[in-house]
Amino acid sequence: MARIETPRPIRGTQDIFGDEQRRFARVLEAFDHVRRLYAFQRVDLPVFEDTQVFARSIGETTDVVSKEMYTFEDRGGDSLTLRPEFTAGVCRAYLTQGWQQYAPLKLVTSGPLFRYERPQKGRYRQFHQIDAEVIGAAEPAADVELLAFADQLLHELGIAEGVTLQLNTLGDAETRDAWRAALVAHFEQHRGELSEDSLVRLDKNPMRILDSKDPRDRAIADAAPDIDAYLTSEAGTFFEKVTKGLDAAGVAWTRNGRLVRGLDYYRHTAFEFVTDRLGAQGTVLAGGRYDGLIESLGGPATPGVGWAAGVERLAMLLAEPKAERIDAVIVPMGEAAEAQAVTLLADLRRFGLAVDMAYKGNMKRRLAKANAMDAAFAVILGDDEIAKGVASVKDLIDGTQQEVELDAVGDQIRGGLARHGRGAMEGWTLFAPADFFADTPSQ
Ligand code: ATP
Ligand code: MG
């Protein structure tokens, strides 16, 4: 028989399992928790859009649009792109769904994004972000609220230590034009020393030279003029309100005058939360104000501000997460017991307990499974128990064992969990009422 080759996974994709999966889940749980505290609504959007959604808003000369997008023609001949970021799609939805009526709108989303990049630690072709946006709010208070949200999330995750909020302003249109001219004049003097990439940027988007990682550009970029001398009084006042608001809200920040963002649409506030714990991939959360983006998508002038954070990078910073535990394992010995165990298992789960069944091997092996799953109880069903209509409930924490009527097993375990101060499903609302078990006719 011909050997069948198993297809390989795609380069830069991940199969997220076990410890990594728990880290991921922890990030998403904390994000959902904090977004509720800040009264942000969740939206879920398509993973692909008309290519124009990204090309027009992000900017044709950016790395993302010029070389990282997964763009393809579908069977109908339309050019589609797998989303490389969230903001453009959120703004597209805001316009096409008529969400203007809800402005200012505070939204979050999360999920997979796609960029054709060289895969390495903390950098994938399918990666994941959490994302928060405020659309339709021109006030600096919106920037402050988003930054406080981000800051609280990092604290909630226990990774705020060693992470710094770096803040800058990119000014308004007038500021940008004046600063841009000054930057061009400065970089023109060093034309011969700049990297090839930066020579292209010099013509198309000189601000991005400031962000260059190429060692040939660094000294020249560091000597470039600051934006501060070119800030209009409106832009200066705006930035001051943001920094005052952060101080008032107790959010620590530092100024980084070199910080520009990789996408073209940013205005005024730009920021990154940066750590030195992840080597070259040190930005864990980044964003800014994007007044102008919605106009580039054909909408009316609409202010917006937002951030996104890489879930993989946040997950890597987390301390070892606790393994998921269960409340009980049922151990049936013999055929009659196995039949009885099916009913008991279903009843206990409907009662809101996390329970698994240990089918395989001798008693010792089955109890080992209960321990491996960090169960608090083993419910043993053998021929003796079946004859008496009971189960032996073994408390795996204090070692005691008791025979309990079948329809009292749920309450017995509940009581034990309360005594030990643990329950696998704590914090969950029960679908079934607490007295469900007592009302269920046992066969
Ligand atoms: P970088 O400079 O690292 O390429 P970026 O400026 O392209 O980052 P953004 O577009 O601002 O990144 O995305 C926000 C966050 O998303 C990043 O700070 C990072 O945590 C994460 N991120 C971006 N690209 C990737 C990727 N290819 N793999 C994993 N995470 C990523
Ligand atoms: Mg990038």
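What covers the buried residues of α1? Keep that in mind while you set up the view. This is a predicted model, so local features need pLDDT of at least 70 and side-chain atom pairs count only at pLDDT 80 or more, while totals for chains, interfaces and linings use all residues. Residues are numbered from 1 along each chain as its sequence is written, chains are lettered from A and ligands numbered from 1 in the order in which they are written, and side-chain values use heavy atoms, with hydrogens and water left out.

**Stop 1: helix α1**

Select residues 18-37, the 20 residues of helix α1. Helices (H or I, at least four residues) and strands (E, at least two) are DSSP runs, numbered from the N terminus. At 1.5 Å a residue, counted for one less than the number of residues, α1 should span 28 Å; its end C-alpha atoms are 29 Å apart, which agrees.

Now colour Arg23, Phe24, Val27, Ala30, Phe31, Val34 and Arg35, which are buried (under 20% relative accessible area; exposed is over 50%, partly exposed in between, with a 1.4 Å probe and protein chains only). They cover an arc of only 130° around the axis, which puts them on the same side of α1; the arc is that of the directions from the helix axis to the C-beta atoms. An α-helix has 3.6 residues a turn, so residues three or four places apart point the same way.

Turn to the face away from the buried side, and you'll find the exposed Glu29, Arg36 and Leu37. Back on the buried side, the cover includes β1 (41-42), β5 (105-114), β6 (126-135), α5 (140-156), β11 (304-310) and α11 (311-317). Just after α1, click Ala39, which takes a positive phi of about 60°.

**Stop 2: ligand 1**

Next, select ligand 1 and the 13 residues around it (a heavy atom within 4 Å); Arg115, Glu117, Arg123, Gln129 and Arg261 come nearest. A polar side-chain atom of Arg115 lies 2.8 Å from an oxygen atom of the ligand, and one of Arg123 also lies 2.8 Å from a ligand oxygen atom. Gly310 brings a backbone N or O atom 3.3 Å from an oxygen atom of ligand 1. Taken alone, ligand 1 exposes 590 Å², and the protein buries 88% of that (Shrake-Rupley method, 1.4 Å probe).

**Stop 3: Asp143**

Finally, go to Asp143 in helix α5. Is this residue buried or exposed? At 0% relative accessibility, Asp143 counts as buried. Show the side chain of Arg289 too: the side chain of Asp143 makes a polar contact with it (2.7 Å). A polar contact is a pair of N or O atoms within 3.5 Å; within protein, one must be able to donate a hydrogen and the other to accept it, and residues adjacent in sequence count only if both atoms are side-chain atoms.

Methods. Contact = heavy atoms within 4.5 Å.
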